[in-house]
Amino acid sequence: MDRTWESLQLVIAHVLPHRDPALVFKDLNVVAILQEFWESKQKQKAVFPSEGIIVYESLSSLGPPFVSYVTLPGGSCFGNFQSCLSRAEARRDAAKVALINSLFNELPCRRITKEFIIESVREAVSSTSGNLKDADDPSTSIGAYHYMLESNIGKTMLEFQELMIVFQLLHWNGSLKALRETKCSRQYSLDEKMRSHMALDWIMKEQESPGIISQELQVALRELEEVRKAGQELRFYKEKKEILSLALSQIYSDQVTTSSWDDQMSLALHGYQ
């Protein structure tokens, strides 16, 4: 732990030379510090030179606890893990989680290496009951994952995040064939068009198995809450929620009026909490 803290202090001194490393995580203006960190990274052109916007999102709520998300350049997303009594407090807490993860991302251990690839492929094989031989076959899920890792060797985890999110969503959505056809190209990015295609896939699944979207949405909401409270990266779960919500809104758009949409959503999610 001491060595990790020393390494983080060196990172802070390099990227934020005007800040006292011992006070960075105690500063109430952590939103500004996070912005300063990424602006510094942009100037160095180290990562994501064309994606310099940090986006904050607060969930609508009549009262506490409040929830806030922050999406970093490149797409990684974090949320407040503490129970916050105001939107401003939730935003600061989310920014602190994002700053900690941004700084950790600068450590050498957060780069994709040959050793990391070997271990990650083994874990993937174990979790999917696959076969190590599949790692050499790009037409398999394990092979596609292996190819992505090899293509991004030397990059940091946050740099790798967006492509990994695409892989995870396609795997969840049952559409990995599309990923293989693009040979895991970065041009196959996560955008509104891709979300719409996935939502249509779930609408088709709903026709075959009525109720499956609301069931999946309940799971996604539970997962999103769990990873947020654990201070972990949560974009995958947030994207799942948004894709499923989009599918539900399209299904009911011709059946309910805008004013009754909230009631319909409540019915669809009955049982979650």
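This is a predicted model: local features need pLDDT of at least 70, side-chain atom pairs count only at pLDDT 80 or more; totals for chains, interfaces and linings use all residues.
**A first look at this chain**

Of its 273 residues, 43% count as buried. Here is a short tour, topic by topic.

**The chain as a whole**

- The protein chain exposes about 15,000 Å², and carbon and sulfur atoms supply 52% of that area.
- Among contacts between residues at least 6 apart in sequence, 58% join residues at least 24 apart.

- Strand β1 covers residues 55–58 and strand β2 covers residues 68–71; the two run antiparallel and are joined by four bridges.
- To find this pairing in the model, look for V55, whose bridge partner in β2 is T71.
- β2 also pairs with strand β3 (residues 77–79), again in the antiparallel sense, over three bridges.
- On that side, T71 has C77 of β3 as its bridge partner.
- Five residues lie between β2 and β3, which form a hairpin. In its turn sits G74, with a positive phi of about 100°.

**The largest nonpolar core**

- In general, nonpolar side chains tend to be buried together in soluble globular proteins.
- The largest nonpolar core here has 21 residues, and the members that touch the most others are L169, W172, W202, I243 and L244.
- Four helices each supply at least two residues of this core: α6 (157–173), α8 (192–208), α9 (212–229) and α10 (235–252).
- Of the contributors, α10 gives the most, with six residues.

**Helix α9 up close**

- α9 has 18 residues and reaches 26 Å from its first C-alpha to its last, close to the 26 Å expected at 1.5 Å a residue.
- Its buried residues are I213, S214, L217, Q218, A220, L221, L224, V227 and R228.
- After α9 comes G231, whose phi is positive, near 75°.

**Cysteines**

- How many disulfides does the count come to? The count comes to zero.
- C77, the β3 partner of T71, is buried, with a relative accessible area of 1%.
- C84 counts as buried too, at 1% relative accessibility.

Notes
Residues are numbered from 1 along each chain as its sequence is written. Side-chain values use heavy atoms; hydrogens and water are left out. A nonpolar core is a set of buried Ala, Val, Leu, Ile, Met, Phe, Trp, Tyr and Cys residues joined through side-chain atoms within 4.5 Å. Buried means under 20% relative accessible area, exposed over 50%, partly exposed in between (1.4 Å probe, protein chains only). A disulfide is a pair of cysteine sulfur atoms within 2.5 Å. The expected span of a helix is 1.5 Å times one less than its number of residues. Two strands pair if DSSP finds at least two bridges between them. Contact means heavy atoms within 4.5 Å. Accessible areas come from the Shrake-Rupley method with a 1.4 Å probe; for residues, only the protein chains shown count as cover.
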